[in-house]
Amino acid sequence: MMYDGNLAALEAHDRAADAWLNSRPICASCREPIQDEHCYNTRRGLMCEDCAKEYAQELAEEQIEDWLEDWKDDTERYAF
């Protein structure tokens with residue numbers, strides 16, 4: 001039957017796709033295989049682009065909070 005060849009090709013494609021996906025590094029944040037051509041090496045480990053952006057945003061927000069606390073402490077310390 002004509003469909004047998006198509007089914008075999010589809011199954012071979014699925015096996016190849018699964019093998020490729022299983023060979024990819026795992027994101028330290030979302031725990032999914034990183035499917036992009038690049039990833040980011042962070043303090044938490046390798047991350048996909050989306051998780052790396054979220055991590056960078058978290059770090060930036062923490063840094064801003066630290067700066068604001070330091071500024072507040074300095075202004076209270078040197079207030080007249």
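This note sets out numbered points on the fold, dimensions and surface of the predicted model.

1. Basis. The model is predicted: local features need pLDDT of at least 70, side-chain atom pairs count only at pLDDT 80 or more, and totals for chains, interfaces and linings use all residues. Residues are numbered from 1 along each chain as its sequence is written, and side-chain values use heavy atoms, with hydrogens and water left out.

2. Fold. The protein has two helices and two strands, in the order α-β-β-α along the sequence. Helices (H or I, at least four residues) and strands (E, at least two) are DSSP runs, numbered from the N terminus.

3. Dimensions. The radius of gyration of the protein is 24 Å, whereas a compact globule of 80 residues would have one near 12 Å (taken over C-alpha atoms; the globule rule is 2.2 Å times the number of residues to the power 0.38). Along the principal axes, the C-alpha atoms fill a box of roughly 90 × 20 × 15 Å.

4. Burial. Of the 80 residues, 10% are buried (buried means under 20% relative accessible area, exposed over 50%, partly exposed in between, with a 1.4 Å probe and protein chains only).

5. Asn41. This residue lies in strand S1 (residues 40–42) and counts as exposed because its relative accessible area is 68%. Asn41 and Trp71 stand 30 residues apart in sequence and 32 Å apart in space, C-alpha to C-alpha.

6. Asp66. Helix H2 (residues 49–77) contains Asp66, which is partly exposed because its relative accessibility is 39%.
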